[in-house]
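Dear colleague,

I am handing over the structure we spoke about, and my notes on its cavity, a pocket and some helix packing follow it. Please read them alongside the model.

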Amino acid sequence: MLFNVSGVEAQHRPLIQNGNLGDAYRAGTFGCVRLIEDVVRGGSWNDERATFVVIELAVRLINDCGAAGQLALAGFWSAAGHQVRDLVECHQLIEYFRYQPSRAQPWLDCVGKERHDKFNFGLVGRELEKLRGPAKFDLKQSFGFYSNAGSHPSTGGLAWQMTDVGQKLIGPVPHPDRFRLFIGDLWAHATRATLDFVDTMDALNPDHEPIRDQFRFSHAVVVGGRNLLASITAEQVREFWK
């Protein structure tokens, strides 16, 4: 509305089209969104508060993925980073309510500072580690990075308003290298969050058919992403994304 983003999008869009690695990341993220939507719209779940809260958080995951991708495509880097930060926090809460479903209602009832005092990211993370042991992947690093880059005025966030040569970024600005890495990271976080959403929904609804059997195709796309995440490195991404 305030800026013409068409020129920025024209430089970024080819990086996620025509069968390159960016297109695979985009398709993988869409697979996560579709699976969550299938579960939310197509499932019959127990009428319990924890299930309700987890579904609402999963809908927020979908919106975070869409907003992050669109903002990055248009070159709004801090705003795009904020959406990933929100996705990471929703992801952790979804996993937390798998182990502590009785805490869903208190979380829903909290407001303002009370929610921060009782359910802040660090506190929930520490409680989760006591409940299920060390995490398969560290969300703290991404939460901290995207909080600084996208959610709070900070040194890291201000750095995202500069190009590699120190030029200020005012309004939407293309940055192909950053876009490549961002879209890959969005796919990774979407995949991990979706897998934890599936596990949580199955745990909260043990009398229902497992999601992997109800939605075989969409689930296979996400599980395939997990297999890639187990071996792919940032260096490989840089080398093969042409």
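A cavity, as used here, is a set of points on a 1 Å grid over the protein atoms alone where a 1.4 Å probe fits but cannot get out, whereas a pocket is an open set with protein on both sides within 12 Å along at least five of seven lines, and lining residues have an atom within 4 Å of a point. Grid points are joined across faces, edges and corners, and a volume is the space filled by probe spheres set on the points.

This is a predicted model, in which local features need pLDDT of at least 70 and side-chain atom pairs count only at pLDDT 80 or more, while totals for chains, interfaces and linings use all residues. Residues are numbered from 1 along each chain as its sequence is written, and side-chain values use heavy atoms, with hydrogens and water left out.

A search of the whole structure finds one cavity of 30 Å³ or more, and the largest cavity has a volume of about 50 Å³. Its lining consists of C32, V33, I36, L61, I62, C65, L87, A190, A193 and T194, with at least two residues supplied by each of α2 (21–42), α3 (49–74) and α10; helices here are DSSP runs (H or I, at least four residues), numbered from the N terminus. By class, that lining has nine nonpolar residues, one polar and no charged, where Ala, Val, Leu, Ile, Met, Phe, Trp, Tyr, Cys and Pro count as nonpolar, Asp, Glu, Lys and Arg as charged, and the others, Gly among them, as polar.

Turning to the packing, α2 and α3 meet at an angle of about 150°, their axes 10 Å apart (axes are lines fitted to C-alpha atoms, for helices over the stretch in contact, and angles run from 0 to 180 degrees between N-to-C directions). α2 is therefore roughly antiparallel to α3, a term for angles over 145 degrees. The contact (heavy atoms within 4.5 Å) is made by T29, V33, I36, E37 and V40 of α2 with I55, A58, V59, L61, I62 and C65 of α3, and these residues divide into nine nonpolar, one polar and one charged.

The second largest pocket, finally, has a volume of about 530 Å³, and of the 26 residues that line this pocket, E95, R132, A135, K136 and F137 are the closest to its centre. α7 gives the most to the lining, with seven residues, and the lining comprises ten nonpolar, four polar and twelve charged residues.

With best regards

Terms used: Angles under 35 degrees count as roughly parallel, over 145 as roughly antiparallel, 65 to 115 as roughly perpendicular and the rest as oblique.
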